[in-house]
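Subject: Structure handover

Hello,

Here is the structure for you to look through. Please open it alongside this note.

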Amino acid sequence: MAQADTTTRILDTAEVLFAERGFAETSLRTITGRAGVNLAAVNYHFGSKKALIQAVFSRYLDPFSVRFHDALDTLEARYRGGTVPLEVLLESMAETVLAVPAERDSLKVFMRLLGLAYSQAQGHLRRHIQQHYGDVFTRFTGLVRRATPDLPDAERFWRLHFMLGTVIFTLSGLDALKDIAEKDYAQQVSVRDLVRRLRPVVVAAMNAPLPDEAQPAGENG
């Protein structure tokens, strides 16, 4: 078996098992058994389980980062250095998120992995994502800040966190939602339909009035 084939087989198997079971619950022996390779192959190609987890994310985040930088370049050129509207920014992010896993028909796996990055990410994965992809997320956050100038930074952080959590939960449960829509409401729902329905909800959430405790001092009388 060629080295490239072995690496791909390990990554394909690992990402599915991680998405199904989580990081801690998935052992290297389980991965190697499912992939049909020996433990030495994982150690040779990746060196450790931590490095394998990072490599699984990089397969998605490398092309995502390139595509998203290009998309933000296009938006900044279109608006000629002015403020890019929040809805346009969120639409661009959604389109990029959908485009990358669509190339491998693995949107559900990608969304579950992102969910794990939120709920189970260990320090090494957070550092890996920040080191290699922090620039594109910092750039996006900066544009969101310009589009929501009245939001305090802490409140913007929470709303972005809630927004991403909503998107990840919705798209990772895509099969169940499509099944419910069809059986209970006789609706055939595509991923694009879900995104169109989700967009006004997250935009409204980002633009919602501040809770009382988040109001700047003096505004409540």
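Below are the findings, grouped by helix and contact.

This is a predicted model, in which local features need pLDDT of at least 70, side-chain atom pairs count only at pLDDT 80 or more, and totals for chains, interfaces and linings use all residues. Residues are numbered from 1 along each chain as its sequence is written, and side-chain values use heavy atoms, with hydrogens and water left out.

Helix α4

Helices here are DSSP runs (H or I, at least four residues), numbered from the N terminus. Helix α4 covers residues 49-78, which makes 30 residues. The expected span is 1.5 Å times one less than the number of residues. After α4 comes R80, with a positive phi near 50°.

Salt bridges

A salt bridge is a side-chain nitrogen of Lys or Arg within 4 Å of a carboxyl oxygen of Asp or Glu. The count by this rule is 13. One of them pairs E76 with R139, at 2.8 Å from N to O. E76 sits in α4 and R139 in α7 (residues 123-147), so this pair ties together parts 63 residues apart in sequence.

For exposure, buried means under 20% relative accessible area, exposed means over 50%, and partly exposed lies in between (1.4 Å probe, protein chains only). E76 is partly exposed, at 31%.

Around D153

D153 forms a salt bridge with R145, with the closest N and O atoms 3.4 Å apart. D153 is exposed at 52%, while R145 is partly exposed at 39%. D153 also has a salt bridge with R156, at 2.8 Å from N to O. Both D153 and R156 lie in helix α8 (residues 153-172), three residues apart, about one turn of the helix. An α-helix has 3.6 residues a turn, so residues three or four places apart point the same way. R156 is buried, at 3%.

Surface patch

F157, W158 and F162 form a nonpolar surface patch with about 360 Å² of accessible area together. Patch residues have over 30% relative accessible area and no salt bridge; like charges are joined within 9 Å, and nonpolar side chains (Val, Leu, Ile, Met, Phe, Trp, Tyr) within 5 Å. Areas come from the Shrake-Rupley method with a 1.4 Å probe; for residues, only the protein chains shown count as cover. W158 lies in α8 and is partly exposed, at 43%.

Best wishes

Key. Helices (H or I, at least four residues) and strands (E, at least two) are DSSP runs, numbered from the N terminus.
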